Amino acid sequence: TLRLQGISVPDPQQPFAREARERTADLVAGKIVRVAAPGQKIQNSLIGDIILEDGSYLSHHLVEGGLAWQISGDPEMRRLENRARTARRGIWGYGGP
């Protein structure tokens with residue numbers, strides 16, 4: 001199991017969990033991706049990033065789409081989350097996590 005570094009996605013029973021899974025599948029299914037995982041683990045899950053064919057990060061797409069929230073404090077992730085909040089996308093249109 002891989003946990004995406006720096007983000008948290010809705011738990012299965014929370015709003016937008018299904019949409020986050022579907023968006024993830026749309027972006028990675030049948031495509032060549034790279035996994036960048038430095039070896040850290042939390043609860044037996046490897047922590048890392050999925051880099052898509054175009055060089056973008058899966059986590060960035062999810063945060064910008066309002067399907068995850070950033071927990072890293074990274075300036076780029078905060079910027080993407082703020083864009084999703086302002087546009088009231090996904091979890092931010094629902095009222096937030």
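Biologist: Is Arg18 buried, partly exposed or exposed?

Modeller: Arg18 is partly exposed, with a relative accessible area of 46%. Buried means under 20% relative accessible area, exposed over 50%, and partly exposed in between, using a 1.4 Å probe and protein chains only.

Biologist: Before we go on, what are the ground rules?

Modeller: This is a predicted model, where local features need pLDDT of at least 70, side-chain atom pairs count only at pLDDT 80 or more, and totals for chains, interfaces and linings use all residues. Residues are numbered from 1 along each chain as its sequence is written, and side-chain values use heavy atoms, with hydrogens and water left out.

Biologist: Back to Arg18. Which side chain meets Arg18 in a salt bridge at 3.3 Å?

Modeller: That is Glu22, at 3.3 Å from N to O. A salt bridge here is a side-chain nitrogen of Lys or Arg within 4 Å of a carboxyl oxygen of Asp or Glu.

Biologist: How are Arg18 and Glu22 placed in helix 1?

Modeller: They are four residues apart in helix 1 (residues 17–28), so about one helical turn separates them. Helices (H or I, at least four residues) and strands (E, at least two) are DSSP runs, numbered from the N terminus. Glu22 is partly exposed too, at 40% relative accessible area.

Biologist: Which residues are linked with Arg18 in a network of salt bridges?

Modeller: Glu19 and Glu22 are linked with Arg18 in that network.

Biologist: How many salt bridges does the structure hold?

Modeller: Five. One of them joins the side chains of Arg83 and Glu64, at 2.7 Å from N to O. That pair links distant parts of the chain: Arg83 sits in helix 3 (residues 75–87) and Glu64 in helix 2 (residues 58–64), 19 residues apart.

Biologist: What is the accessibility of Glu64?

Modeller: Glu64 has 24% relative accessibility, so it counts as partly exposed. Arg83 is also partly exposed, with 39%.

Biologist: Which residue does Glu81 meet in a salt bridge?

Modeller: Arg85, again by side chains, at 3.3 Å from N to O. Both residues lie in helix 3, four residues apart, about one turn of the helix.

Biologist: And Glu81, is that buried or exposed?

Modeller: Glu81 counts as buried, at 6% relative accessibility.

Biologist: New topic. How many residues has the largest nonpolar core?

Modeller: It has 13 residues. Leu4, Ile7, Leu58, Leu62 and Val63 have the most contacts inside it. Helix 1, helix 2 and helix 3 are the elements giving two or more residues to this core. Helix 2 gives the most, with three residues. A nonpolar core is a set of buried Ala, Val, Leu, Ile, Met, Phe, Trp, Tyr and Cys residues joined through side-chain atoms within 4.5 Å.

Biologist: What is Leu62 in contact with, leaving aside neighbours within four places in sequence?

Modeller: Leu4, Ile7, Val9, Ala20, Arg23, Thr24, Leu67 and Ala68. Contact means heavy atoms within 4.5 Å.

Biologist: Now backbone angles. What is the phi of Phe16?

Modeller: Positive, about 75 degrees, although Phe16 is not a glycine. Phe16 lies in the loop between strand 2 (7–8) and helix 1. At 23% relative accessibility, Phe16 counts as partly exposed.

Biologist: And where is Arg88 found?

Modeller: In the loop between helix 3 and helix 4 (91–94). Arg88 has a positive phi of about 55 degrees, and is not a glycine either. Arg88 is exposed, with a relative accessible area of 53%.
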